[in-house]
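Please look through the structure below before reading my points, which take up confidence, the sheet and the cores in turn.

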Amino acid sequence: MSRAHAHSDLRCYLLWCAEHDLDPLVARRPQLEMYVRWMQGQRGFKPSTVARRFGTVAGFYRIAVIDGLLPTSPAEHVRRLVPAESPTLGLTRLQFEALLVAARESANVNDFALVALLGLLALLIVEATGANVTDFGEQHGHRVLRVVGKGGKVVLVPLPPAVCRAIDRAVDGRAGGPLLWTREGTRMDRRAATRRLRFLARHAVAPLPRLLHGRRHLSDELRPSCAPRPGGSAAAYTPVTRAPSLL
């Protein structure tokens with residue numbers, strides 16, 4: 001969970017407490033149960049959002065107990081919602097190959113690098129768009145990408161030849177700056193990457209499922225079956241290589 005989400009979740013709870021003239025440090029389990037039902041009923045939040053927002057509140061009270069402000073946490077025995085399993089599915093091999101072909105033939109050189117980073121390296125979309133030219137280097141004779149994941153965790157991901165070619169095409173001799181650019185000459189963000197992926201999906205030869213799960217899940221949708229996520233070290237990570245003749 002990002003800092004922005006945590007700030008928004010805690011602010012939502014504190015505003016609810018203010019509307020009900022409730023001191024957060026005096027709240028008890030029944031009041032927290034009312035807060036959960038308020039998020040479900042009046043605000044209409046999805047179960048996953050309710051679970052995340054209340055998880056932030058539970059963390060707030062856990063820290064209050066650790067710091068000695070409260071003897072026990074009132075959120076400890078609150079009935080929590082269990083979010084349904086995400087329906088996000090990865091692309092089939094043929095669909096992924098069609099997307100790769102559409103990206104390679106695109107006039108925008110960033111498209112091929114974007115799809116390669118998401119689909120072949122299984123990076124999150126924020127990891128791909130946050131990559132810089134200086135994050136690429138060599139280690140033990142292999143080209144690697146330095147990826148900064150959640151919590152500031154740094155992973156060196158080895159690059160297969162197909163991804164190296166896509167990256168070299170996007171870099172085009174540049175010595176620095178972001179790897180992925182927009183047409184306006186700025187760093188590609190999640191929204192811009194989403195637009196490019198949907199554009200490629202519409203122009204792919206094979207029919208592709210509509211990308212409806214939001215930017216957080218786009219990299220999961222592009223990930224072929226059995227594609228791994230980067231682990232804690234480069235040695236434990238094996239890049240996905242599919243249809244090298246198309247790359």
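1. How many contacts beyond four places in sequence does the model have for residues 230-247, where pLDDT stays under 50? The model has 47 such contacts for residues 230-247, a contact being heavy atoms within 4.5 Å, while pLDDT is the predictor's confidence in each residue, from 0 to 100. Where pLDDT is low, the predicted coordinates should not be read in detail.

2. This is a predicted model, in which local features need pLDDT of at least 70 and side-chain atom pairs count only at pLDDT 80 or more, although totals for chains, interfaces and linings use all residues. Residues are numbered from 1 along each chain as its sequence is written, and side-chain values use heavy atoms, leaving out hydrogens and water.

3. The protein chain has a mean pLDDT of 81, with 79% of its residues at 70 or more. Confidence is highest in helix H2 (residues 29-41), at a mean of 93, and lowest in helix H9 (residues 218-222), at 53; helices (H or I, at least four residues) and strands (E, at least two) are DSSP runs, numbered from the N terminus.

4. Three strands form an open sheet in the order E1-E2-E3, with antiparallel pairing, where pairing requires at least two DSSP bridges between two strands. Strand E1 (136-139) and E3 stand at the edges with a single partner strand each, so one side of each has no neighbour in the sheet.

5. The largest nonpolar core has 42 residues, of which Leu-117, Leu-145 and Leu-179 touch the most other members. Such a core is a set of buried (under 20% relative accessible area, 1.4 Å probe, protein chains only) Ala, Val, Leu, Ile, Met, Phe, Trp, Tyr and Cys residues joined through side-chain atoms within 4.5 Å. Its largest share, eight residues, comes from H5.

Note on methods:
Buried means under 20% relative accessible area, exposed over 50%, partly exposed in between (1.4 Å probe, protein chains only).
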